[in-house]
Amino acid sequence: MAVDSMGIHLPQLHLATPHSRLQASADIALSLFNHSDPGRLHAKLAASLVKADLSSWLQLVPPIAKDASMHRLLRAYPNQDLQFEAALEGNMNKIKLTDLLVSLPTAFRCEARGEMAYPLDERKLQAQLRFGVKTQNLQFVTTLLPKELARQYRIPANMQLQGRVSGSRNHCQ
């Protein structure tokens with residue numbers, strides 16, 4: 001990591017356990033929040049998290065550690081790596097989400113792209129997001145319900161949803 005008169009530079013950050021990994025990079029101009037001539041932001045994040053690490057980390061959160069339905073969910077959770085990728089670029093006039101991917105093989109895959117204009121000015125704020133979700137087997141989610149209720153529900157496999165959300169200030173479509 002380097003900090004100079006122009007910005008904060010994080011060319012590579014790698015965190016790892018024996019099975020999970022997280023990689024990040026960022027370039028953040030110190031003038032990012034300058035209203036008249038905003039500097040630029042470039043950031044990328046990629047992670048692959050195994051079930052055992054997710055379970056360990058979630059146990060550190062007291063409300064989750066005490067919740068019986070969360071324990072059932074973790075037992076039923078697929079033995080697959082949760083994949084996460086994201087990339088942002090822009091400035092405080094316009095930020096683009098060039099890539100967002102969240103995937104749990106055998107369960108779901110979500111992708112999104114979009115942009116936001118004037119994210120810090122609620123009078124000028126505008127945003128649009130395009131997304132797609134494909135599911136496979138989400139039945140493990142029913143473990144969050146009480147057992148009697150969970151038996152009554154089946155989540156269909158192979159659903160797809162694509163959409164576009166846009167909005168400005170107090171309007172969303």
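Are Tyr77 and Phe140 buried or exposed? I looked up both. Tyr77 is buried, and Phe140 is buried as well. I note here that the model is predicted.

**Entry: the aromatic pair**

I searched for aromatic pairs and found one in the structure. It is made by Tyr77 and Phe140, with ring centres 5.8 Å apart. Their planes stand at 80 degrees, and the cut-off for edge-to-face is over 60. The pair is therefore edge-to-face. Next I checked where the two rings sit in the chain. Tyr77 is in the loop between helix H3 (68–76) and strand S5 (82–90). Phe140 is in the loop between strand S8 (126–135) and helix H4 (147–150). The two residues are 63 residues apart, and the pair links distant parts of the chain.

I also looked for a charge over a ring. Lys124 lies over the face of Tyr118, at 4.8 Å from the ring centre.

**Entry: helix H3**

Which residues of H3 are buried? I listed Ser69, Met70, Leu73 and Leu74. Seen down the axis of H3, the buried residues fall within an arc of 140 degrees, so they line one face of the helix. The general rule I keep in mind is that an α-helix has 3.6 residues a turn, so residues three or four places apart point the same way.

**Entry: Pro146**

I found Pro146 in the loop between S8 and H4. Phe140 of the aromatic pair lies in that loop too. Pro146 has a relative accessible area of 44%. Buried needs under 20% and exposed needs over 50%, so a residue in between counts as partly exposed. Pro146 is therefore partly exposed. I then took its C-alpha separation from Ala68.

**Entry: Val50**

Where does Val50 lie? It is in the loop between strand S4 (41–49) and helix H1 (51–58). Val50 is buried, because its relative accessible area is 12% and the limit for buried is under 20%. I asked for its contacts, leaving out residues up to four places away in sequence. Val50 touches His19, Ser20 and Asp81. I also checked Val50 against Phe108. They are 58 residues apart in sequence and 15 Å apart in space, C-alpha to C-alpha.

**Entry: the sheet**

How many strands form the sheet? I count 10, in an open sheet with antiparallel pairing. The order is S1-S2-S3-S4-S5-S6-S7-S8-S9-S10. Strand S1 (2–3) and strand S10 (171–172) stand at the edges. Each has a single partner strand, so one side of each is left without a neighbour in the sheet.

I went through some pairings one by one.

- Strand S2 (residues 7–16) and strand S3 (residues 21–29) pair in the antiparallel sense over eight bridges. A hairpin of four residues joins S2 to S3. Leu10 has Ala26 in S3 as its bridge partner.
- S3 and S4 run antiparallel and are joined by eight bridges. Ala24 stands opposite Leu45 in S4.
- Strand S9 (residues 160–168) and S10 pair in the antiparallel sense over two bridges. Ser168 stands opposite His171 in S10.

**Entry: salt bridges**

A search of the whole structure gave me four salt bridges. I followed up some of them.

What does Arg113 form a salt bridge with? Its partner is Asp99, and the closest N and O atoms are 3.2 Å apart. Arg113 lies in strand S7 (residues 108–117) and Asp99 in strand S6 (residues 94–104), so the pair ties together parts that are 14 residues apart in sequence. I checked accessibility next. Arg113 counts as partly exposed at 37%. Asp99, at 31%, also counts as partly exposed.

Another salt bridge is formed by the side chains of Glu111 and Arg109, at 2.8 Å, N to O. Glu111 is at 33% relative accessibility and counts as partly exposed. Arg109 is at 38% and counts as partly exposed.

I also noted Asp121, which forms a salt bridge with Arg123. Here the closest N and O atoms are 3.7 Å apart. Arg123 has 64% relative accessibility, so it counts as exposed.

Definitions and conventions:
Residues numbered from 1 in each chain as written. Predicted model: local features only at pLDDT ≥ 70, side-chain atom pairs only at ≥ 80, totals over all residues. Heavy atoms only, no water. Phe/Tyr/Trp six-rings, centres within 6.5 Å; stacked < 30°, edge-to-face > 60°. Buried < 20%, exposed > 50% of the residue type's maximum accessible area, 1.4 Å probe, protein only. Lys NZ or Arg CZ within 6 Å of the ring centre and 35° of its normal. Arc of directions from axis to C-beta. Contact = heavy atoms within 4.5 Å. Pairing = 2+ DSSP bridges.
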